[in-house]
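Okay, thanks for coming, everyone. Let me put the structure up and talk you through a few spots in it.

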Amino acid sequence: MLFFTTTRCISCGALLTRDENALCLCCKQKMARSYMLPCTDNISEQRMGALFAVEWAYSHYIFSKGESIVRKVVHEFKYHRNPRLAYEMGGEVGTHIKNN
């Protein structure tokens, strides 16, 4: 007997391909990005520095309240324990930092 599992995008509900993990390519491209360059004295560093001592801070995505794709991804990390998705998104952030 064969079992097929259908995995759907956590944001829009579309069926995922084999190469997609929790988030379809369309939703991944729609994620709100900060377009911030990884440098010192940026808005993330200023906001975190107001709360505690930081050497350097960077935000690749913009987290907003409500039904944002970034919020759904963070929820997936925290409450559904999806380390593959966290690793994938972290890789994108690392690549951006490395290339800039």
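Let's start with Met48, which counts as partly exposed because its relative accessibility is 33%. For us, buried means under 20% relative accessible area, exposed means over 50%, and partly exposed is in between, with a 1.4 Å probe and protein chains only.

Before I go on, a word on the ground rules. This is a predicted model, where local features need pLDDT of at least 70, side-chain atom pairs count only at pLDDT 80 or more, and totals for chains, interfaces and linings use all residues. Residues are numbered from 1 along each chain as its sequence is written, and side-chain values use heavy atoms, with hydrogens and water left out.

Back to Met48: you'll find it in helix α2, residues 43–49. Helices here are DSSP runs of H or I with at least four residues, numbered from the N terminus. Together with Leu51 and Phe52, Met48 makes a nonpolar surface patch of about 320 Å². To be in such a patch, residues need over 30% relative accessible area and no salt bridge, and the nonpolar side chains are joined within 5 Å. A salt bridge, by the way, is a Lys or Arg side-chain nitrogen within 4 Å of an Asp or Glu carboxyl oxygen. Arg47 sits in helix α2 too, and Arg47 is exposed, at 62% relative accessible area.

Now, the inside. Which residues touch the most other members of the largest nonpolar core? They are Leu23, Met31 and Val73, in a core of 16 residues. A core here is a set of buried Ala, Val, Leu, Ile, Met, Phe, Trp, Tyr and Cys residues joined through side-chain atoms within 4.5 Å. Two or more residues each come from α3 (69–80) and α4 (83–99). Leaving out residues up to four places away in sequence, Leu23 touches several residues, including Met31, Ile69 and Val73; contact means heavy atoms within 4.5 Å.

Ala22 is in the segment before α1 (25–30). Is Ala22 buried or exposed? Buried, because its relative accessible area is 5%.

Last stop, the cysteines. How many disulfides are there? The count comes to 0, taking a disulfide as a pair of cysteine sulfur atoms within 2.5 Å. For Cys12, the nearest cysteine sulfur is that of Cys27, 3.7 Å away.

Methods
Patch = residues over 30% accessible without salt bridge, like charges linked within 9 Å, V, L, I, M, F, W, Y side chains within 5 Å. Areas by Shrake-Rupley, 256 points an atom, 1.4 Å probe, with all protein chains shown as cover.
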